[in-house]
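Please read this briefing alongside the sequence and the 3D view.

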Amino acid sequence: MKTAWWKECVVYQIYPRSFADSNGDGIGDLRGIIGKLDYLKTLGVDVIWLSPVYKSPNDDNGYDISDYQDIMTEFGTLADWDELVVGMHARGLRLVMDLVVNHSSDEHPWFVESRKSKDNPYRDYYIWRPGKDGGTPNNWKSFFTGSAWKHDPATDEYFLHLFSTKQPDLNWENPRVRREVFDMMHWWLKRGVDGFRMDVINMLSKVPGLPDAEPVDGKRHVQGSEHFICGPRLTEFLGEMKRDVLSQYDILTVGETPMVSPDDAVALTDEKDGALNMVFQFEHMDVDRVGERLTDRPNGLRDLKQVMTRWQKGLEGRAWNSNYLSNHDQPRQVSRYGDDGAYRVVSAKLLATFNHLLQGTPYVYQGEEIGMTNVAFDTIADYRDIAALNMYRVQTQELGQDPQVVLGWLHAKSRDNARTPMQWSAGPQAGFSTAEPWIKINPNYTTVNVEQALADPDSVFCYYQKLIQLRKANPIFVYGTYDLILPEHDEIYAFTRTLDGERLLVVLNFTAKTPEFAAPTDLVYASAELVIGNYPAEAGDVNRFTLRPYEARVYRLTA
Ligand code: ISL
Ligand code: CA
């Protein structure tokens with residue numbers, strides 16, 4: 001297997017709006033991040049991925065960009081950004097920027113021109129179509145509810161927006177669009193960027209003719225997705241991006257790719273000729289999802305094992321996994337897969353063990369390292385996410401759903417769960433700001449915060465530190481081959497990692513129960529050294545033991 005720095009690193013994702021506010025306006029900013037670089041260095045991560053910091057009217061918190069070569073007013077200036085890069089590089093940290101080029105903001109000058117007239121030079125930068133039978137050009141739906149088309153009175157045509165109405169899709173069929181994007185990427189790379197996380201990058205190519213879609217049951221797919229997920233020219237467009245831009249720099253590239261299979265991922269990231277280093281897959285995020293709700297997961301753990309094992313084995317030796325349990329679009333992992341009550345600390349450590357022991361590059365989302373939890377606002381007025389607000393409006397006003405029921409769904413699944421301010425201390429505004437923040441702070445900041453975590457050797461934070469150090473010191477953490485054991489077990493997720501005759505055994509109890517682990521007969525071993533665990537070590541038979549609630553153990557086996 002080829003070695004690479006981007007396989008060995010740990011990536012930390014910052015959602016800048018919610019990370020640290022330096023100037024007391026209630027909004028996180030670049031200087032706030034600069035002030036926390038030593039904290040990130042203490043944690044031990046190597047790469048920082050910033051969610052978008054470009055100029056934006058913030059319809060979707062920066063995922064709607066109106067100037068790709070400037071900084072969002074609330075976040076600071078290009079000079080601040082330059083200082084951030086210098087500060088990071090001085091500490092040996094690398095910077096990955098979000099690249100959002102499936103769509104721009106409708107306030108981007110390209111779109112402002114494009115909508116003016118049918119013969120405007122920028123018309124073809126976006127996807128315009130006349131209506132059909134007095135309605136939209138086709139039946140595709142937006143990810144944020146409603147049609148994916150919006151009528152524009154100026155020219156009496158519709159433009160395509162897979163996301164909000166303020167996020168028109170760029171037309172990648174147009175070579176001028178590709179040229180603009182590639183030039184912009186060079187500009188950032190020359191300024192010091194070390195990589196890109198590419199937003200919904202597998203949606204760039206739409207099937208010619210934009211045909212009507214099969215109606216869907218609302219489970220996994222958005223209506224129309226078969227006509228824009230990994231579309232006919234995707235590998236060609238990304239191949240061009242690789243030739244023109246990516247291959248000229250030593251960078252990390254990760255594509256965000258909803259609705260892909262391991263085979264799709266290999267097509268994009270094959271070690272031999274793929275365009276990208278890795279992709280974010282979503283199958284494990286869908287294990288517990290039905291429409292707007294999270295289910296109780298009757299077979300949750302077995303399904304999770306099946307999905308993760310398919311990805312681990314499907315990419316083995318051919319491509320590289322990017323492993324995550326959280327990001328700015330997902331509920332908090334400890335609330336979702338762990339227990340955010342009595343077992344918060346121990347289950348947060350269990351999930352960390354899982355994410356860092358899989359083969360692939362681990363991604364940590366801000367606050368995860370102190371075990372931050374979901375939040376339950378009791379009124380829709382406290383929610384900020386456009387996806388949540390649109391969904392609430394449609395469900396309560398158009399479909400007659402009980403508002404309390406919909407609020408319950410948001411408590412479990414809203415993207416705002418991950419977007420409440422970072423909890424730095426038990427002080428005013430959780431140490432995030434001196435003003436009232438743009439979104440409410442999770443009330444548990446008085447006990448769940450960085451100050452507490454740094455002072456407590458048994459904290460979730462200190463456990464992350466240890467995991468990250470182990471990964472740096474032991475190539476088997478990075479390159480070891482993954483093999484699932486006990487596939488049918490309903491409570492324990494166990495697997496091995498093997499490299500050059502060395503073997504690790506990872507045993508994870510995903511429940512509050514106390515199941516017994518019994519080593520499969522082909523894996524019985526003479527002795528085992530505990531490398532890391534989330535409870536004090538216990539003496540006893542290493543081939544058979546009872547696990548405590550949410551216990552995680554990693555052993556180095558000796559035959
Ligand atoms: O958030 C989701 C589910 O909760 C997804 O449907 C999400 O919209 C999808 O994964 C794409 O996400 C990315 O692009 C969006 C942006 O809103 C997300 O924040 C971003 O991660 C549009 O740019
Ligand atoms: Ca600020």
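## Strands, a calcium site and a ligand

Strand S1 (residues 11-14) and strand S2 (residues 47-50) pair in the parallel sense, with four bridges between them. Two strands count as paired if DSSP finds at least two bridges between them. Helices (H or I, at least four residues) and strands (E, at least two) are DSSP runs, numbered from the N terminus. This is a predicted model, in which local features need pLDDT of at least 70 and side-chain atom pairs count only at pLDDT 80 or more, while totals for chains, interfaces and linings use all residues. Residues are numbered from 1 along each chain as its sequence is written, chains are lettered from A and ligands numbered from 1 in the order in which they are written, and side-chain values use heavy atoms, with hydrogens and water left out.

**The parallel sheet**

- Eight strands make up an open sheet with parallel pairing, in the order S11-S10-S9-S5-S2-S1-S15-S14.
- Strand S11 (278-280) and strand S14 (322-323) are at the edges and have a single partner strand each, so one side of each has no neighbour in the sheet.
- Met97 has Phe196 in S9 as its bridge partner.
- Strand S5 (residues 94-99) is largely enclosed by the rest of the structure, because five of its six residues are buried.
- Buried means under 20% relative accessible area, exposed means over 50%, and partly exposed lies in between (1.4 Å probe, protein chains only).
- In a regular strand, side chains alternate between the two faces of the sheet.

**The antiparallel sheet**

- Three strands form an open sheet in the order S6-S8-S7, with antiparallel pairing.
- Its edge strands are strand S6 (128-129) and S7, each of which pairs on one side only.
- Strand S7 (residues 149-152) and strand S8 (residues 157-160) run antiparallel and are joined by four bridges.
- Across this pair, Asp152 stands opposite Glu157 in S8.
- S7 and S8 form a hairpin with four residues between them, and Asp156 in the turn has a positive phi of about 55°.
- S6 and S8 also run antiparallel, joined by two bridges.
- Trp128 has Phe159 in S8 as its bridge partner.

**Residues in loops**

- Ser142 sits in the loop between S6 and S7.
- Its relative accessible area is 6%, so Ser142 counts as buried.
- The C-alpha atoms of Ser142 and Leu160 are 9.1 Å apart, although the two residues are 18 residues apart along the chain.
- Ser104 lies in the loop between S5 and helix H5 (109-114).
- With a relative accessible area of 0%, Ser104 is buried.
- The side chain of Ser104 makes a polar contact with the side chain of Tyr126 (2.7 Å).
- A polar contact is a pair of N or O atoms within 3.5 Å; within protein, one must be able to donate a hydrogen and the other to accept it, and residues adjacent in sequence count only if both atoms are side-chain atoms.
- Phe510 is in the loop between strand S18 (502-509) and strand S19 (516-518).
- Phe510 is also buried, at 10% relative accessibility.
- The C-alpha atoms of Phe510 and Glu491, 19 residues apart along the chain, are separated by 5.7 Å.

**The calcium ion**

- The calcium ion (ligand 2) is coordinated at 2.2 to 2.3 Å by Asp21 (OD), Asn23 (OD1), Asp25 (OD), Ile27 (O) and Asp29 (OD).
- Donors are N, O and S atoms within 2.8 Å of the metal (3.2 Å for Na, K and Ca); water is not among the atoms, so sites may look incomplete.
- In sequence, the donor residues are spaced D-x1-N-x1-D-x1-I-x1-D.
- Asp21 and Ile27 are both buried.

**Ligand 1**

- Ligand 1 is surrounded by 17 residues, and the closest are Asp60, His103, Asp199, His328 and Asp329.
- A residue belongs to these surroundings if one of its heavy atoms lies within 4 Å.
- A polar side-chain atom of Asp199 is 2.8 Å from an oxygen atom of ligand 1.
- For an N or O atom in the side chain of His103, the distance to an oxygen atom of ligand 1 is 2.9 Å.
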